Amino acid sequence: MNYASIYLQISTELNERVLSQIAVSTITLLIPLIITAWQYSMNAVFLYCTSISALFIALYRLFETQHHDNTILLQLIVFQFVTYMIVGVLINQLMREQRHQKQMLQQANENLLDYAATLEKLGIVRERNRLARELHDTLAHTQSAVIIQMEGIEALWEKNPQRAHKMFQQSLQAMRTGLQETRRALEALRATSLEDMGLRIALRNLLQSVEERASFELSYQLADDLENLPVSIENAVFRVIQEALTNVIRHAQATSVDVKLENKAGVLKLSVDDNGIGFSVDQVETQQHFGISGMREHAREIQADFVLKSSPGSGTAIVLCVGVDR
């Protein structure tokens, strides 16, 4: 019996079996490696790879005492360690990048919430400013005029009763007009018509209301395609038209006003033209006129282009253009 050949055969079979087991173990142990690299730091990945390699080296040492040629086995262990480290580094970097992106997304969401809250606060402040302007232009003016007239009535009560009575009637009429203007201003602040009816119907009702009480001829053209616009754009366009017509009624002394709202090629264009007395734009900008500054604020809110053209004696033209997404 040739014991040398039998020993060589057994050694070869054991080598092949051990190599096969290491190969299978290498694939199987990739799963916990992936989990470790995904959940923990590179230190944990290095510790895992080192521990696995140390285990296989211990088995190699044990196997080495019984067999001689184990170079392939040692190379396989080294190759396994290098492969594990490369896979661990790639997965760990991918995990870190994903966590970084998640943190950035979370930070962006927080910033967006803060921005939305800031916009809401600014909207409330602007609405309060607009309410202050409305009340100033209605109640304050009316009450100031009535107080002056009442002082005149008191002075003329005994000396000129007819003149005092006439001034009293004028005071009553001023109070009635002021009450109507106050009710109109408070009704306009609600803007429920815009929310419930849509932009086109709300604008038509607004223009008809202005036409009934204004002393000028009002013509208007409203685009048919005014549905599904962003709420911010609808509100801004409505407020700009409202402010522009209010300024015309109070200051322009116009006999003709033309309002046009077009929606073409993804651009919403508003124009308001009057033939009134006009004014110096530079002077108004310096004085920070409430109505014009309000229109500019509404235009900025929707990132729209706002153009105001006017000069004494040549009327006023207002143009607002904004892109609309469909």
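These notebook entries record what I looked up in a predicted model.

**Entry 1. The sheet**

I began with the strands. I found an open sheet of five strands, with mixed pairing and the order β1-β2-β3-β5-β4. In this sheet β1, residues 217–222, and β4 stand at the edges. Each of these two has a single partner strand, so one side of each is left without a neighbour in the sheet. I noted that the twist averages 5° from one strand to the next.

I then turned to one pair within the sheet. Strand β3 covers residues 267–274 and strand β5 covers residues 316–323; I found them paired in the antiparallel sense over eight bridges. For a point of reference I looked up Lys269, which stands opposite Cys321 in β5.

**Entry 2. Helices on the sheet**

Next I asked which strands helix α7 touches. Helix α7, residues 199–213, packs on the sheet and touches β1 and β2, the latter being residues 256–264. I recorded that the direction of α7 makes about 175° with that of β1.

Helix α8, residues 231–252, also packs on the sheet. I listed its strand contacts as β1, β2, β3 and β5. The direction of α8 makes about 5° with that of β3.

**Entry 3. Salt bridges**

How many salt bridges does the structure hold? I found two. As background, I note that side chains of opposite charge can pair when their charged atoms come close.

One of the salt bridges joins Arg200 and Asp224, with the closest N and O atoms 3.2 Å apart. Arg200 lies in helix α7, whereas Asp224 lies in the loop between β1 and α8, so the pair ties together parts that are 24 residues apart in sequence. I checked the accessibility of both partners. Arg200 is partly exposed, at a relative accessible area of 31%, while Asp224 is exposed, at 64%.

In the other bridge, I found the side chains of Lys264 and Glu262 meeting at 3.8 Å, N to O. Lys264 is exposed, with a relative accessible area of 56%. Glu262 is partly exposed, with a value of 26%.

**Entry 4. Ser310**

I then looked up where its side chain reaches. The side chain of Ser310 reaches the backbone nitrogen of Phe279 at 3.1 Å, and it reaches the backbone oxygen of Gly315 at 3.0 Å. Leaving aside neighbours within four places in sequence, I listed the contacts of Ser310 as Gly278, Phe279, Val281, Gly315 and Thr316.

**Entry 5. Ala164**

My last entry concerns helix α5, residues 161–190, where Ala164 is found. I recorded Ala164 as buried, with a relative accessible area of 2%. Which residues are in contact with Ala164, leaving aside its neighbours within four places in sequence? I found Ile153, Leu156 and Trp157.

I also looked up the separation between Ala164 and Met150. These residues are 14 residues apart in sequence, and their C-alpha atoms are 8.9 Å apart in space.

Terms used:
Residues are numbered from 1 along each chain as its sequence is written. This is a predicted model: local features need pLDDT of at least 70, side-chain atom pairs count only at pLDDT 80 or more; totals for chains, interfaces and linings use all residues. Side-chain values use heavy atoms; hydrogens and water are left out. A polar contact is a pair of N or O atoms within 3.5 Å; within protein, one must be able to donate a hydrogen and the other to accept it, and residues adjacent in sequence count only if both atoms are side-chain atoms. Contact means heavy atoms within 4.5 Å. Helices (H or I, at least four residues) and strands (E, at least two) are DSSP runs, numbered from the N terminus. Buried means under 20% relative accessible area, exposed over 50%, partly exposed in between (1.4 Å probe, protein chains only). Two strands pair if DSSP finds at least two bridges between them. Axes are lines fitted to C-alpha atoms, for helices over the stretch in contact, and angles run from 0 to 180 degrees between N-to-C directions. A salt bridge is a side-chain nitrogen of Lys or Arg within 4 Å of a carboxyl oxygen of Asp or Glu.
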